Amino acid sequence: MESYPQVFKPLKEFFEERGNDCVLTTVDDTPMLRAVVPLLEDGRGLVIMEIFSIDYCEGTELLNLYTTMTKDNGPGMENLRKAANDWNLDSMAGGYGVYGQPGELFHRHTLALATELPQAVKDQMALEALYITMDEITRRLPDAIRILNGRA
């Protein structure tokens, strides 16, 4: 993992301990940790989590947790766009949006990390951001699926 941010190590271990498929990769020269995670009972509710880090300014890096929640277009897509906007008003952390056409629902949570923090502190902050993100998405995913399928 030498070419990947150190903060990816505890995140990768978290996914592997849960038995989630995860891989370290590079997209457009950006190192990324990508995982497929079931968030609902019985292994349902698969989402794709992509985690990457970028330098923001001197002394600060941003850890981005980007999750694709739905990829399918359905009869309720316009209602899902409206719901995503409403969910942003009371999201615990991060925000929802619908990207592109026909559209995929996503959630994005960005965490600022001061580069001078000890690595153990950054690792803990990253894990906490992941837990919060997963809780938030799990809270909305059943409604998202229902709305997308036209059962609003």
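Modeller: Y4 and F8 are both buried, meaning under 20% relative accessible area, with exposed being over 50% and partly exposed in between (1.4 Å probe, protein chains only). This is a predicted model, where local features need pLDDT of at least 70, side-chain atom pairs count only at pLDDT 80 or more, and totals for chains, interfaces and linings use all residues. Residues are numbered from 1 along each chain as its sequence is written, and side-chain values use heavy atoms, leaving out hydrogens and water.

Colleague: How many aromatic pairs in the whole structure?

Modeller: Five aromatic pairs turn up. Rings of Phe, Tyr and Trp (its six-membered ring) pair if their centres lie within 6.5 Å; planes under 30 degrees apart are stacked, over 60 edge-to-face, the rest tilted. Y4 and F8 make a tilted pair, 6.4 Å centre to centre with 35° between the planes.

Colleague: And why is W87 with Y96 edge-to-face?

Modeller: Because their planes sit at 70°, with the ring centres 5.4 Å apart.

Colleague: Is W87 buried or exposed?

Modeller: W87 is buried, at 7% relative accessible area. Y96 is buried too, at 6%.

Colleague: Switching topic: which residues have the most contacts inside the largest nonpolar core?

Modeller: F15, I51, L63 and L130, in a core of 38 residues. Such a core is a set of buried Ala, Val, Leu, Ile, Met, Phe, Trp, Tyr and Cys residues joined through side-chain atoms within 4.5 Å.

Colleague: What does L130 touch?

Modeller: Leaving aside residues up to four places away in sequence, L130 touches L11, F14, F15, M49, I51 and L65, with contact meaning heavy atoms within 4.5 Å.
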